[in-house]
Amino acid sequence: MAYVNTKEMLIKAREQKYVVGGFNIVNHTSLVAVFEAAKENRSPVIVQTSQKTVLELGYKVLPAIIKELADESDVPVAMILDHGTNTEIIKNCILSGWSSVMIDGSSYPYEENIKITKKIVELAHSKNVSVEGELGHIGGKEEHISVDSSEVLLTDPEKAVEFQKKTGIDSLAVAIGTKHGFYDSKYELDFNRLGKIMDLTDFPIVIHGCSGLAEKDLKRLISFGVSKMNISTEIKHIYIDSCRQYIEDHPDEYEPVKKISFVQQQVKDLVKKYMDIFGSTNKA
Ligand SMILES: [Zn+2]
């Protein structure tokens, strides 16, 4: 169907209480896996690219491939820059064909976060690009984002409303106890805080750091009406683990396509599993 931005997709998800997955891709192999999953599950999908992936693959190739694959598929596909912290990279993505960007100003003081986020929103909206902001400070480590547990700042529900009003963002990533990377055995999610955020807001809410959360917690988060959940760490792990497994199981195989197909299948199965849990299957 269509290459779209995340705005309508996430509003619809909030209204109908399912979640659209934001799945991080690193190359053509994982990208195709995510697309195949979306097509087979008839699910809307958000393809996420980190700043690192953008710099590695460049501003032209990624949107060209993703738009082409989106045209061929008949499900809604959005593409977002994940955790944009570098204004130059964010602007280049907006001008190069990304349908959505995240501006992560969460390491700045509140007023400064508003200021830099608002600026990005103005440029993005003039190009029909939707924007995700972040308020509070999500913990953990993922590529260039590293937030120590002492620096974690949970999102103030009332500030969330004000932040959206002042910046004009289309969706907001909130900190309620999830973190980037895998979890230690125990973690604590602040469902009361999320409940307050959901009561006060009417725009799409995003949860980062969903790799490795228990299924019952994912289901509970979904029941609140959050619109988007991000899966990155788990995709990276299954990617590397399945590469290793294939090579160990086939030490004499030198046809790269066979390994690529195996890895793609493992990544696709993982993405499809999340689409089923998120309730986005058959929502295309
Ligand atoms: Zn994140």
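Predicted model: local features only at pLDDT ≥ 70, side-chain atom pairs only at ≥ 80, totals over all residues.
Which residues lie on each side of S2, and are they buried or exposed? Val-45, Val-47 and Thr-49 are on one side, Ile-46 and Gln-48 are on the other, and all of them are buried. In a regular strand the side chains alternate between the two faces of the sheet. In S2, 5 of 5 residues are buried, and the strand is mostly covered.

**The barrel and the open sheet**

S1 and S2 belong to a barrel that 8 strands close in the order S1-S2-S3-S4-S5-S8-S10-S11, with parallel pairing. From one strand to the next, the twist averages 25°. Further along this order, S10 and S11 are joined in the parallel sense over 2 bridges, and there Ile-207 stands opposite Met-229 in S11.

A separate topic is the open sheet of 3 strands, which has the order S7-S6-S9 and mixed pairing. Strand S7 (145–147) and strand S9 (179–180) stand at the edges with a single partner strand each, and therefore one side of each is left without a neighbour in the sheet. Strand S6 pairs with S9 in the parallel sense over 2 bridges, and the bridge partner of Gly-139 in S9 is Lys-179.

| Strand pair | Sense | Bridges |
|---|---|---|
| S10 (residues 205–207) and S11 (residues 228–231) | parallel | 2 bridges |
| S6 (residues 139–142) and S9 | parallel | 2 bridges |

**Helix H4**

Helix H4 (residues 61–72) has 12 residues and reaches 17 Å from its first C-alpha to its last, which is close to the 16 Å expected at 1.5 Å a residue. Which residues of H4 are buried? They are Leu-62, Ile-66, Leu-69 and Ala-70, and because they cover an arc of only 100° around the axis, they are on the same side of H4. An α-helix has 3.6 residues a turn, so residues three or four places apart point the same way. On the other side of H4, by contrast, Val-61, Glu-68, Asp-71 and Glu-72 are exposed. The cover over the buried residues of H4 includes helix H2 (28–41), strand S2 (45–49), helix H3 (51–57) and strand S3 (77–84), and in this way the helix leads back to two strands of the barrel, S2 and S3.

**Lys-118 in helix H6**

Lys-118 has its place in helix H6 (residues 110–126). Why does Lys-118 count as partly exposed? It has 18 C-beta neighbours inside 10 Å, whereas a buried residue needs 20 or more and an exposed one has 12 or fewer. Leaving aside residues up to four places away in sequence, Lys-118 touches Lys-166, Thr-167 and Gly-168. Lys-118 and Ile-169 are 51 residues apart in sequence, and their C-alpha atoms are 7.6 Å apart in space.

**The protein as a whole**

The protein has 11 helices and 11 strands, and its C-alpha atoms fill a box of roughly 60 × 40 × 35 Å along the principal axes. For 284 residues, a compact globule would have a radius of gyration near 19 Å, and the 18 Å of the protein agrees with this. Of the 284 residues, 46% count as buried. Among the contacts with a separation of 6 or more, 71% are accounted for by residues 24 or more positions apart.

Terms used: Residues numbered from 1 in each chain as written. Pairing = 2+ DSSP bridges. Helix = DSSP H or I, 4+ residues; strand = E, 2+ residues; numbered from the N terminus. Axes fitted to C-alpha atoms, helices over the stretch in contact; angles between N-to-C directions. Expected span 1.5 Å × (residues − 1). Arc of directions from axis to C-beta. Contact = placed C-beta atoms within 7 Å. Rg over C-alpha atoms; globule rule 2.2 N^0.38 Å.
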